[in-house]
Structure formats: structure tokens, C-alpha cells
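This briefing is for a reader who is meeting the structure for the first time. Please look through the sequence and the model below, and then read the notes, which are grouped by topic.

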Amino acid sequence: MADFEIRDLRVSVEGREILKGVTLDVDKGQVHAVMGPNGSGKSTLSQALMGHPAYEVTGGEVRFKGVNVLELAPDERARLGMYLAFQYPTVVPGITMANFLRTALNAKRGYDGKDKTKAITPKEFRALLKDSMHTLRMDDSFLSRYINDGFSGGEKKRAEILQMAVLKPEIAILDETDSGLDIDSIKYVSEAVNALRGPELGVLIITHYTRILEHVKPDFVHVLVDGRIVRSGGPEVADQLETTGYAEWGVKEEPVAAGQLSGQEEA
Ligand code: ADP
Ligand code: MG
């Protein structure tokens, strides 16, 4: 049994079936890439795994550490050790990054506002952020800004990875964290993900492009087309996509080798 199991997952959005039976096993310590063209259901997969209410699971199972994840609310999934870096992170005016990260971290530590011994101290908090912020090339001013407010596309994606570094999930789903990033941001993000890699973390890198996989080497690569995994294998699957694209599945002219500044994300 794998640590994280997706079995024949079917998901509908607004009554239309988008995922048509997806099966995937991820063990801690592994990095899996799920690659697919636009509209193939990549974000549907990530949102459904995290429990977004607009994505209706109509069949199949998702288990993490033996727990039926589909019965849990999104915050319970997070506490179980799941994390999703959003493709389109939300702007939250009025709440600073520091406040948000501290609150999320305290929630994970079980601090409910009462038992002060469970709350993270300012010193611990700074120490925890220091290395990741350095790797992600974020200066301290970042922490006093409102969440994603006025952030560039690259800053938003780096902020998603900073959250991941702070929360230390056991399963991290990165939904097109690379799309729309310039080459430097892709390097910083990759460096940070590589620093977090290890036996206690399973990663699902969801991407349209092969570029990030040059920096974060996947152990397994799966191709998602029209809501189904149509091929699975090792890194060679990505290499092959780089030359042939998604054409063999009837998808026209979607380059897979590019990837920086080509999405709509970079604001
Ligand atoms: P990808 O991330 O691979 O580009 P998506 O999962 O975002 O693909 O989209 C797959 C299909 O589901 C598309 O046809 C898209 O329009 C539809 N879809 C996804 N999310 C929503 C949503 N929140 N509301 C309506 N349709 C959606
Ligand atoms: Mg998407």
C-alpha cells in the first residue's frame, strides 16, 4: 500500500465529468510529475485532492496514511499533512504574510489561542523562515506585505513554496508552480523544493512544461490527457514529451519545452 493512493478518481465540475478515473500511487520520498495540456484536468485533480467544494468527486478513493481523505474537510486534510500550492494564489488584503504564516503554523502545532506553550516564539519563527526565504530570494519586507497583494506572478508562486517550507507537509501538490515564471524564479523555486525533498515528503509536480523537471528531477512521470492518465513511466516520459509534445493524443501545438513567461500568471 502506498502512502498516498488515488484510485479510479472521478470528478465533475458543474455537472461535467472532468476526471475520468485517475489512479496514482505516491510514496513519501518520491517525486511524481503529472504533465498534461491545458484543460486536461490538472487543476481539477489538485483541487479535488484538497477538497475544493466546486469539484465533485463522483467515484473512486483517495487515501493518505490509510485515512479516507475524501471524508475530510480541507483544513483536516492540511493537518493530516497535505499541502497544495495553488496555480492561481488568492490575494488577501489586510492580512500580512507574517501573520498568516504564524497562524497557519500555530494551527498545525495545535495552538488554539489558550495554551501559550504551544505557540511558536518570534525567535523560532524567524529561524524557521530564514533559510527558505534566503533560497527563495525573498527579503524581510515580504513578511509585512499583505498576502499576494500586488505580488508579481513570480512572487506569488514563491510565496506558495515558502508556505510549504513552513508547514512541512508530507504530501505536497504543486499546481503549475512553474507556469509564468522567469528562469531565475524557476531556479529559486526548484532549489527550495529540492531542499525540502527527502524521505518524509512525497511531491506531485503538476505541470504543462518540462522545464521545471530539469531542476527538480522526478522519479515518475505521468501524462494526463482528457481526464485520464495515458502514460506513466520514469523521467524518459518527460524527455519524450519534450520532442513530440502532446500530439500523439490529438492535442495540437502545445509546446512543452518552454515554460517561462508563457502562462498568464506573471502579472
Ligand atoms: P488544467 O489545469 O489541466 O488546465 P482544469 O482542471 O483547470 O485543467 O480544467 C479542466 C476542465 O474543467 C476545463 O474544461 C475547465 O474549463 C473545467 N473547469 C475546471 N475548473 C472549473 C471551474 N471551477 N468551473 C468551471 N469549469 C471548470
Ligand atoms: Mg491548471
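**Glutamine 30 and the basis of the model**

Glutamine 30 has a relative accessible area of 19% and is therefore buried, where buried means under 20% relative accessible area, exposed means over 50% and partly exposed lies in between, with a 1.4 Å probe and protein chains only. This is a predicted model, in which local features need pLDDT of at least 70 and side-chain atom pairs count only at pLDDT 80 or more, while totals for chains, interfaces and linings use all residues. Residues are numbered from 1 along each chain as its sequence is written, chains are lettered from A and ligands numbered from 1 in the order in which they are written, and side-chain values use heavy atoms, with hydrogens and water left out.

**Surroundings of glutamine 30**

- Glutamine 30 is placed in the loop between β2 (16-26) and β3 (31-35); helices (H or I, at least four residues) and strands (E, at least two) are DSSP runs, numbered from the N terminus.
- Leaving out residues up to four places away in sequence, glutamine 30 touches Asp25, Leu201, Gly202, Val203, Asp219 and Phe220, contact being defined as heavy atoms within 4.5 Å.
- Between glutamine 30 and proline 199 there are 169 residues in sequence, and the two are 7.8 Å apart in space, C-alpha to C-alpha.

**Helices α3 and α5**

- Two packed helices are described by the angle between their axes and the distance between the axes.
- Helix α3 (residues 97-108) and helix α5 (residues 153-167) have axes that come within 10 Å and cross at roughly 35°; the axes are lines fitted to C-alpha atoms, for helices over the stretch in contact, and angles run from 0 to 180 degrees between N-to-C directions.
- The crossing of α3 and α5 is right-handed, a term used if the near helix is turned clockwise from the far one by less than a right angle, whereas anticlockwise makes a crossing left-handed.
- On the side of α3 the contact is made by Met97, Phe100, Leu101, Ala104, Leu105 and Lys108, and on the side of α5 by Ala159, Leu162, Gln163, Val166 and Leu167.
- These contact residues divide into 9 nonpolar, 1 polar and 1 charged, where Ala, Val, Leu, Ile, Met, Phe, Trp, Tyr, Cys and Pro count as nonpolar, Asp, Glu, Lys and Arg as charged, and the others, Gly among them, as polar.

**Aromatic rings**

- The structure holds 2 aromatic pairs; rings of Phe, Tyr and Trp (its six-membered ring) pair if their centres lie within 6.5 Å, and planes under 30 degrees apart count as stacked, over 60 as edge-to-face and the rest as tilted.
- Phenylalanine 4 and phenylalanine 64 form an edge-to-face pair, with 5.8 Å from centre to centre and 80° between the planes.
- That pair links distant parts of the chain, since phenylalanine 4 belongs to strand β1 (residues 4-13) and phenylalanine 64 to strand β4 (residues 55-64), 60 residues apart.
- Phenylalanine 4 is buried at a relative accessible area of 1%, and phenylalanine 64 is buried at 0% relative accessibility.
- The rings of phenylalanine 142 and phenylalanine 151 have centres 4.8 Å apart and planes at 45°, so this pair is tilted, and both residues are buried.
- Arginine 102 lies over the face of phenylalanine 125, at 4.7 Å from the ring centre; a charge sits over a ring if NZ of Lys or CZ of Arg is within 6 Å of the ring centre and within 35 degrees of the ring normal.

**Positive phi in loops**

- Arginine 137, in the loop between α4 (122-135) and β8 (146-147), has a positive phi of about 55° although it is not a glycine, and its relative accessible area of 42% makes it partly exposed.
- Lysine 168, in the loop between α5 and β9 (171-175), is not a glycine either, yet it has a positive phi of about 45°.

**Two residues in strands**

- Histidine 222 lies in strand β11 (residues 220-225) and counts as buried because its relative accessibility is 7%.
- Apart from residues up to four places away in sequence, histidine 222 touches Leu24, His32, Ala33, Val34, Met35, Ile229, Arg231 and Ser232.
- Glutamate 56 is found in strand β4 and is partly exposed, with a relative accessible area of 49%.
- Beyond its neighbours within four places in sequence, glutamate 56 is in contact with Arg10, Val11 and Ser12.
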